[in-house]
Amino acid sequence: MDSSIALILLQDGIVNGAIYALLGMALVLVFAVTRVIFIPQGEFVAFGALTLAMLVDGRVPGTVYLLCLLGGLAFLMELLRALRTGLWSGMPKTIAGYLVLPALLWWITTTYVGAGNSLWLNMLLTLILVVPMGPMVYRIVYQPLAEASVLVLLITSVAVHFALTGLALVFFGAEGWRTPAFVSGQIDLGFATWSAQSLFVVLTCAVLIVALWLFFGKTLYGRALRATAVNRRGARLMGISTTMSGSLTFTLAVGIGAMSGMLIAPITTVYYDTGFIIGLKGFVGAIIGGLASYPIAAAGSLMVGILEAFSSFWASAYKEVIVFTLIIPVLVWRSFGSRHVDDEE
């Protein structure tokens, strides 16, 4: 291996690591606030990529139908809750969020879709279609189990992963999709020449990470999520709704997943089940951060990307094994300094 090959591999590793860093931070966020190990994070990566690809191709994406299905299920659960408790004050908001919004997005998408539409407008519509699934999945699956143990929530996440993978096959099909590059050309950085697309991905990930830092540090909702992450019981005593925190957390996580999917869509062919492996690599980064530290999770995810790139050169058949084996020494090292704590602590 000479220096030119090493620089190319390093570029690929940084690009992939930036994507994994976003996903790793999203996993840390969800676990810190809700204690959910969000295994289905990767499915929303695939949803973002496939939705954008189908819009670019001038086809109505299966996302609109999946969104209507999830909205209908969430509405039925809220209706049953209202019938059981007799509390109907929130039904107008429920109808607007779970019935009217999916129907409106279905109408907008079917009216708008076309092969010659702007790529950037397609990206915006993709986010609008995928992000509402976050609070819907939380309402349907995780909100009823908010007080369950971490093990129960983990088993539930595995079930949700398989359910969403099956639904993705139904609504998107088994065909692989890819989108055009957002930007084209080469940029000379002096020490290396980067493709404009790769640089765009890295810079976009950096902007999103900074935006998350500003959200948590400068906004009321961000501080509420931080308080919930530190102590859920104390946050409830201070009047912070755990339901609101969970819904907002899943909205952010799904938005990050959809954005990550759109960023990788020009780089690799995406299938209905591609997101699972990508999400697992973000999970490795989150494990390195102990599912608690955002900076360490981001740094760990970047290391995972670089390790994967160089492994593909030296032992391409075993690159996945090498990446996932990284979890073992991290867990062993963390086990030496760990102590048992209650969930609320």
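Among contacts in the protein chain between residues at least 6 apart in sequence, what percentage join residues at least 24 apart? The share is 76%, where a contact means heavy atoms within 4.5 Å. The model is predicted, so local features need pLDDT of at least 70 and side-chain atom pairs count only at pLDDT 80 or more, while totals for chains, interfaces and linings use all residues. Residues are numbered from 1 along each chain as its sequence is written, and side-chain values use heavy atoms, with hydrogens and water left out.

The secondary structure of the protein chain comes to 15 helices and 2 strands, these being DSSP runs numbered from the N terminus (H or I over at least four residues for helices, E over at least two for strands). The chain is as compact as a globular protein of its length, because its radius of gyration of 20 Å is close to the 20 Å that the globule rule gives for 345 residues; the radius is taken over C-alpha atoms, and the rule is 2.2 Å times the number of residues to the power 0.38. Taken along the principal axes, the box that the C-alpha atoms fill is roughly 70 × 55 × 35 Å.

Of the 345 residues, 46% count as buried, where buried means under 20% relative accessible area, exposed over 50%, and partly exposed in between, with a 1.4 Å probe and protein chains only. The accessible surface comes to about 16000 Å², and 70% of it belongs to carbon and sulfur atoms; areas come from the Shrake-Rupley method with a 1.4 Å probe, and for residues only the protein chains shown count as cover.

Inside the chain, the largest nonpolar core holds 89 residues, of which F38, F44, F47 and Y142 touch the most other members. Helix α1 (residues 3–34) gives the most to this core, with 14 residues. Such a core is a set of buried Ala, Val, Leu, Ile, Met, Phe, Trp, Tyr and Cys residues joined through side-chain atoms within 4.5 Å. Leaving aside residues up to four places away in sequence, F47 touches T63, L66, V130, M133, L164, A168 and F172.

The count of salt bridges comes to 3, each requiring a side-chain nitrogen of Lys or Arg within 4 Å of a carboxyl oxygen of Asp or Glu. E78, R81 and R139 are linked in a network of these bridges. Within helix α3 (residues 63–85), R81 and E78 lie 3 residues apart, about one turn of the helix, and their side chains meet at 3.1 Å, N to O. R81 is partly exposed, with a relative accessible area of 22%, whereas E78 counts as buried at 9%. R139 also forms a salt bridge with E78, the closest N and O atoms being 2.3 Å apart. Since R139 lies in helix α6 (residues 133–142) and E78 in helix α3, this pair ties together parts that are 61 residues apart in sequence.

Another bridge joins the side chains of E308 and K281 at 2.4 Å, N to O. E308 lies in helix α13 (residues 294–314) and K281 in helix α12 (residues 274–288), so the pair ties together parts that are 27 residues apart in sequence. E308 is buried, with a relative accessible area of 6%, and K281 counts as buried at 4%.

Helix α4 (residues 91–112) supplies the largest share of the patch, 4 residues. W106 is found in helix α4 and is partly exposed, with a relative accessible area of 37%.
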